[in-house]
Amino acid sequence: MNDQKEKYMRRCLELAKLGEGRTAPNPMVGSVIVHEGKIIGEGFHQQYGSHHAEVNAIISVKNQELLPHSTLYVNLEPCAHFGKTPPCADLIVEKKIQNVVIGTSDPFAMVAGKGIEKLKKAGCNVDVGVLTNECLELNRRFFTFHDKKRPYIILKWAQTADGYVDRERDFNMLGEPTWITNEIARIAVHKQRSTEQAIFVGTKTVLKDNPSLTLRDWFGKQPIRITIDNHSRLSSELKIFSGDLPSIVCTIEKNKSSYKNLTFLSNIKDLITDLMNYLYTKEIQSIIIEGGPETLQKFIDRNLWDEAHIYMGDKTFGSGIKAPTFIAKVSKFEQLYNSELNVYRNNGCNFK
């Protein structure tokens with residue numbers, strides 16, 4: 001019986017992942033409805049503000065009379081509150097679905113067991129805890145955000161085979177990044193950006209590379225661009241001030257400048273703490289820290305990161321600016337022709 005439950009829960013997870021990059025601040029959720037060993041309906045949360053997975057699964061069932069005799073599977077506890085959409089738990093009760101299998105409970109305060117309680121009070125047989133680890137992994141950004149009250153933090157940089165992130169560059173070499181990896185790796189970077197809500201770089205990186213911090217080699221929602229400018233060193237001509245996408249500039253000074261699509265986060269005292277707290281209030285659940293090495297090292301030294309994505313090229317510089325240093329084990333490796341990607345997880349991440 002457990003094998004059957006896991007089989008259908010895996011299908012829920014497959015469906016849920018189809019919404020990656022489009023559901024935040026909601027989680028990725030998939031749902032299937034099974035009648036006599038056959039899937040008769042399925043759905044997933046396609047984008048924020050639209051129908052939840054359970055609703056889409058129920059709507060997809062052609063013969064609605066089968067619902068009271070079916071089992072609904074979902075990787076996350078059905079909601080019990082009115083948000084952008086009505087409560088899913090209410091619809092399940094209304095359709096008289098007697099059996100509900102849930103991957104894991106929801107940490108969001110407006111749900112947090114209330115959906116399960118509502119289903120049980122209505123007489124539903126509720127089974128919670130099927131493929132729990134897999135369900136937590138899929139929505140690790142969502143769970144980190146609600147459990148730790150901050151965004152999920154991903155460190156990212158590219159380094160040469162001999163451990164450098166850049167050459168020593170003079171004024172004539174500024175304005176464009178120093179490419180270390182190949183085109184396949186750059187596509188992978190843009191794909192990663194499409195799944196996260198924000199991207200942050202330090203002042204020096206903006207001055208040296210003039211990055212767009214946008215999706216150009218992948219389709220998806222553009223992340224919010226964030227940088228710091230404590231001493232008004234950044235020119236309004238830089239790409240980050242283009243005005244076509246939302247951007248945030250952190251500063252210790254009050255700034256009354258008027259730029260389109262730009263927010264000044266003023267009176268910053270502790271950059272990391274103040275920025276993470278601000279992003280939490282704005283429901284930004286994930287952020288990529290793309291550099292430079294000084295900025296990355298600050299997060300590492302405070303042990304404030306969840307994943308590190310390190311792209312390694314086959315070039316060597318011999319000298320230059322060294323890559324950040326940290327201790328962790330590789331959790332995932334991907335060969336990208338003559339470049340490679342190593343992904344690390346921080347199991348002891350904290351916030352101090």
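Trainee: What makes helix α2 (residues 53-60) count as largely enclosed by the rest of the structure?

Mentor: Of the 8 residues of α2, 6 are buried, so the rest of the structure largely encloses this helix. Buried means under 20% relative accessible area, exposed means over 50%, and partly exposed is in between, with a 1.4 Å probe and protein chains only. Before we go on: this is a predicted model, where local features need pLDDT of at least 70 and side-chain atom pairs count only at pLDDT 80 or more, while totals for chains, interfaces and linings use all residues. Residues are numbered from 1 along each chain as its sequence is written, and side-chain values use heavy atoms, with hydrogens and water left out.

Trainee: Which residues of α2 are buried, and what do they pack against?

Mentor: The buried ones are Ala53, Glu54, Val55, Asn56, Ala57 and Ile58. They pack against β1 (30-35), β2 (38-44), β3 (71-76) and α3 (88-94). A contact here means heavy atoms within 4.5 Å. As for the labels, helices (H or I, at least four residues) and strands (E, at least two) are DSSP runs numbered from the N terminus. The protein has 10 helices and 16 strands in total.

Trainee: How do you know whether the overall size agrees with a compact globule?

Mentor: We set the radius of gyration against a rule. The radius is taken over C-alpha atoms, and the rule is 2.2 Å times the number of residues to the power 0.38. For 352 residues a compact globule would come near 20 Å; the protein has 23 Å, which agrees. The C-alpha trace spans about 70 × 45 × 35 Å along the principal axes. Of the 352 residues, 51% count as buried. Among contacts between residues at least 6 apart in sequence, 69% join residues at least 24 apart.

Trainee: Why is the Trp157 and Phe326 pair called edge-to-face?

Mentor: A pair of aromatic rings is described by the distance of the centres and the angle of the planes. Rings of Phe, Tyr and Trp (its six-membered ring) pair if their centres lie within 6.5 Å; planes under 30 degrees apart count as stacked, over 60 as edge-to-face and the rest as tilted. By this rule there are 6 aromatic pairs. In one of them, Trp157 and Phe326 have ring centres 5.8 Å apart and planes at 85°, so the pair is edge-to-face.

Trainee: What makes this pair tie together parts that are apart in sequence?

Mentor: Trp157 sits in strand β6 (residues 152-159) and Phe326 in the loop between β14 (321-322) and β15 (330-336), so the pair joins parts 169 residues apart in sequence. Trp157 is buried, at 3% relative accessible area, whereas Phe326 is partly exposed, at 21%.

Trainee: What kind of aromatic pair do Trp305 and Phe326 form?

Mentor: Theirs is edge-to-face too, with 5.3 Å centre to centre and 85° between the planes. Trp305 lies in the loop between α10 (293-301) and β13 (307-312), 21 residues from Phe326. At 4% relative accessibility, Trp305 counts as buried. Trp157, Trp305, Phe326 and Tyr344 form one aromatic cluster.

Trainee: Which residues does Ile310 touch?

Mentor: Leaving out residues up to four places away in sequence, Ile310 touches Trp157, Gln159, Phe326, Glu340, Leu341, Asn342 and Tyr344. Ile310 is in strand β13, and at 5% relative accessibility it counts as buried. Ile310 and Val343 are 33 residues apart in sequence, with their C-alpha atoms 6.4 Å apart in space.

Trainee: What is the phi of Lys96, and is Lys96 buried or exposed?

Mentor: Most residues other than glycine have a negative phi, and most peptide bonds are trans. Phi of Lys96 is positive, near 60°. Lys96 lies in the loop between α3 and β4 (99-104), and its 55% relative accessibility makes it exposed. Ser232 also has a positive phi, about 50°, although it is not a glycine. Its place is the loop between β9 (224-228) and β10 (247-250), and at 52% relative accessibility Ser232 counts as exposed.

Trainee: Where are Pro25 and Gly292 found?

Mentor: Pro25 is in the loop between α1 (2-17) and β1, and the bond from Ala24 to Pro25 is cis, with omega near 10°. Gly292 is in the loop between β12 (286-291) and α10; a cis peptide bond with omega about 0° joins Gly291 and Gly292.
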